[in-house]
Amino acid sequence: MSVVRAAVAILQRPDGQVLLAERPAGKPWDGWWEFPGGKIEAGESPHHALVRELHEELGIEVVTAHPWLLRRFEYPDRKVELHFFIVRKWKHEPQGCEGQRLSWQNPSALSVGPMLPANEPILAALNLPSVYAISNVAEMGEQRFLASLQLAMDQGLRLLQLREKDLPADALKRLAQQVLAIAQPYQARMLLNGEIETAQSLGFAGVHLSSERLMALSERPQEILCAASCHDAEQLAHAQLLGLDFAVVSPVLPTLSHPGAQVLGWEGFAALVKDCSLPVYALGGMQQADIEQAWEHGAHGIAMMRGAWLS
């Protein structure tokens, strides 16, 4: 069975809405909705194909398109290899140049459908925010951290890893209850760095696995978010094989947590995450100002420990 390679665009507005297109009558799967894009021609790079297809289909000129995910899917009659890009800047208003209907949609609450099967899993990834914060109670102290967490939630933080490995079980449980209580009104998602069973019993939305726990796992937990820390190609490949929700790759830049450690640098990070099927956050020395550079090098966003709590 032949493989059809395509470049696919996630046109994303500042409010998070994304553009969907309905396949017009006469085309296979007509009436189904998808992200815009098209086939990569012989000799074309995915980026070049994306720019060309969006001009032909939507009448727009791409200003910035960042590589995001590579997903493979098998339909009854063909296999597809989809190179996804996040497009945040373009010129002109998108138009249905091929007679297709267009609709701006919130990825978490679509009002159109059905979605093409190959595109549907992408929606869950789009619901992950660009910033993943990591707790730092050990350095900050509990009260200062909780106050900083409240402020960060007020300012839009929606994804947090509680990572306090040195706390005794009772103290961790008390802290978890306070953190979850702060997050609940904001519908923020909280992950526990620890055992899967502990995360589930304490009521976390998910679990964050260390690289050691990741490599020991043969099947991902169901019903909760599952993320993992990765430091090399083998670990990232295992996270993809298990179908985790996202991964964190580190260290990208020098960090106080691991002074003198060898870092990936942005080029090393980009090489490691190239053609990854999972959203990946860059970790290590990150600040909010690094978000654009992270996107340019294939990251879904940035993960921060100290940088998340600067006030």
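Mentor: Helix α4 (residues 142–154) has 13 residues, and 18 Å separate its first C-alpha from its last, close to the 18 Å expected at 1.5 Å a residue. The expected span of a helix is 1.5 Å times one less than its number of residues. Helices (H or I, at least four residues) and strands (E, at least two) are DSSP runs, numbered from the N terminus. This is a predicted model, in which local features need pLDDT of at least 70 and side-chain atom pairs count only at pLDDT 80 or more, while totals for chains, interfaces and linings use all residues. Residues are numbered from 1 along each chain as its sequence is written, and side-chain values use heavy atoms, with hydrogens and water left out.

Trainee: Which residues of α4 are buried, and which are exposed?

Mentor: Buried means under 20% relative accessible area, exposed over 50%, and partly exposed in between (1.4 Å probe, protein chains only). In α4, the buried residues are Phe145, Leu146, Ser148, Leu149, Ala152 and Met153. They cover an arc of only 165° around the axis, which puts them on the same side of α4; the arc is that of the directions from the helix axis to the C-beta atoms. Gln143, Arg144 and Asp154, on the other side of α4, are exposed.

Trainee: What covers the buried residues of α4?

Mentor: Contact means heavy atoms within 4.5 Å. The cover includes α3 (137–140), β9 (159–162), α5 (169–183) and β10 (189–193). Just after α4, glycine 156 takes a positive phi of about 115°.

Trainee: What does methionine 190 touch?

Mentor: Not counting residues up to four places away in sequence, methionine 190 touches Met153, Leu160, Val179, Leu180, Ala183, Phe204, Ala205 and Gly206.

Trainee: Let us turn to a sheet. In what order do the strands of the open sheet stand?

Mentor: Two strands pair if DSSP finds at least two bridges between them. Four strands form the open sheet in the order β4-β1-β6-β5, with mixed pairing. β4 (37–39) and β5 (61–74) stand at the edges, each with a single partner strand, so one side of each is left without a neighbour in the sheet. On average, neighbouring strands of this sheet are turned by 20° against each other, direction ignored. Axes are lines fitted to C-alpha atoms, for helices over the stretch in contact, and angles run from 0 to 180 degrees between N-to-C directions.

Trainee: How many bridges join β1 to β6, and how many pair β1 with β4?

Mentor: β1 and β6 run parallel and are joined by nine bridges, whereas β1 and β4 pair in the antiparallel sense over three bridges. Valine 8 has glycine 37 as its bridge partner in β4 and phenylalanine 84 as its bridge partner in β6. Alanine 6 has lysine 39 as its partner in β4.

Trainee: Why is β1 said to be largely enclosed?

Mentor: Seven of the nine residues of β1 are buried, so this strand is largely enclosed by the rest of the structure. Helix α1 (residues 46–58) lies across β1, β4, β5 and β6 (79–91), and runs at about 65° to β1. In α1, the buried residues are Ala49, Leu50, Arg52, Glu53, Leu54, Glu57 and Leu58. These pack against β1, β2, β4, β5, β6 and β7 (102–105).

Trainee: Is glutamine 12 buried or exposed?

Mentor: Glutamine 12 is buried, with a relative accessible area of 16%. Its place is the loop between β1 (3–11) and β2 (18–22). Leaving aside neighbours within four places in sequence, glutamine 12 is in contact with Gln17, Val18, Ile86, Val87, Arg88, Trp90 and Leu126.
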